[in-house]
Amino acid sequence: MRVRILGNGGFKNQGLPGNAMLVNGRLLLETPPDIIRSLGEQGVSLADIEAVWISHVHGDHCFGFPFFFFNWLLAQRSRPERKLTVMGPQGLRERLRLLLELAISPTSQYIQAFEHNVVLREVAEGECVPLLDGMWAGFVSTDHPVPTLAIMLSEQMAETLDELSRHARFVYSSDTRYSERLEYLLRSAADLVLCDVNGSGNDDMHLSAEGLVELAHRAGVQGSGAHRILAGTHLSEASARIRAGLVLVRSGDEFLIQ
Ligand SMILES: [Zn+2]
């Protein structure tokens, strides 16, 4: 599994590209407002993207969807029947439809294309679903003011979340304050665990780098080791590569998980 970092900035942000990742060149995680620019800067082919995951409906995670979808459609001109799978928590369909209406117009053909070309699946804590060929995703609720899900990716079929967790390769926590579910994610078998660290010490919506490292120790999980990388994203400012023992990602970073 190959994970490319497209952006590392959070809602509180002094100019970093919005937090987003690309898995195997085909699965896009998050659509921040500047997602088109990040995809373009990294030379990503929109025509290759088959699925999109949006962790929750805060603007720094979904306001780029209308621009992504418009340009994705243009990239599929020779394949007008091609479908885009879009997954996320309850309420995602209604929010994306509203964003498209605001961004273009309620009567635009792109709204019809959203209904026709997008296979939208709202998922919930505990579900395990197939995504792309051979890849499975499982979902875990995190603690944030709107319904928010972390995603665990595995290259093996799994019927339960615990089974998927044992075979997980990559975990992306998205936005969360401390919750026991975060400890569950940290205890998965994933080689790369990427977490939101947009908070400061007393922030009530996000973890801090120090808070995440402390949590990992409490969960009995090693931080960055030979076979496992615990990394932070959704940052507020450009900073050192390592903070409190945590790797902080940047655009263009690529993790090859074998
Ligand atoms: Zn948020």
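Select R93, R97, E101 and E115 to start: a network of salt bridges links these four. (A salt bridge here is a side-chain nitrogen of Lys or Arg within 4 Å of a carboxyl oxygen of Asp or Glu.) Before you go on, note that this is a predicted model, where local features need pLDDT of at least 70 and side-chain atom pairs count only at pLDDT 80 or more, while totals for chains, interfaces and linings use all residues. Residues are numbered from 1 along each chain as its sequence is written, and side-chain values use heavy atoms, with hydrogens and water left out.

**Inside the network**

Zoom in on R97 and E115, whose side chains meet in a salt bridge at 2.7 Å, N to O. This pair links distant parts of the chain: R97 sits in helix α4 (residues 92–103) and E115 in helix α5 (residues 109–117), 18 residues apart. Helices are DSSP runs of H or I with at least four residues, strands are runs of E with at least two, and both are numbered from the N terminus. As for the cut-offs, buried means under 20% relative accessible area, exposed means over 50%, and partly exposed lies in between (1.4 Å probe, protein chains only).

For another one, select D133 and R26, which meet at 3.3 Å, N to O. D133 is exposed, with a relative accessible area of 57%, whereas R26 is partly exposed at 22%.

Then pick E183 and R187, a salt bridge of 3.1 Å, N to O. E183 is buried, with a relative accessible area of 12%.

**Zoom out**

Show the whole chain as a cartoon. Buried residues make up 54% of the 258.

**The open sheet**

Now colour the strands β7-β8-β9-β10-β11-β12-β14-β13: in that order they form an open sheet of 8 strands with mixed pairing. Two strands pair if DSSP finds at least two bridges between them. The edge strands are β7 and β13 (242–243), each pairing on one side only.

Select β10 (residues 168–172), where 5 of its 5 residues are buried. Strand β9 (residues 149–154) runs antiparallel to β10, joined by 4 bridges; I151 has Y172 as its bridge partner there. Strand β11 (residues 192–196) pairs with β10 in the parallel sense over 3 bridges, and Y172 stands opposite L194 in β11.

β10, α7 and β11 make a right-handed β-α-β unit. (Right-handed means that, with the strands pointing away from the viewer, the path from the first strand over the helix to the second runs clockwise.)

Further along, β12 (residues 229–233) and β14 (residues 246–248) run parallel, joined by 2 bridges. G232 has L248 in β14 as its bridge partner.

**The zinc site**

Which residues hold the zinc ion as protein donors? Select H56 (NE2), H58 (ND1), H144 (NE2) and D175 (OD), which lie 2.2 to 2.4 Å from the ion. Donors are N, O and S atoms within 2.8 Å of the metal (3.2 Å for Na, K and Ca), and water is not among the atoms, so sites may look incomplete. Their spacing in sequence is H-x1-H-x85-H-x30-D. H144 is in the loop between β8 (135–141) and β9, and D175 is in the loop between β10 and α7, 31 residues apart. Both H144 and D175 are buried.

**Last stop**

Finish at H234, in the loop between β12 and β13. Its phi is near 60°, a positive value in a residue other than glycine. Most residues other than glycine have a negative phi. H234 is buried, with a relative accessible area of 1%.
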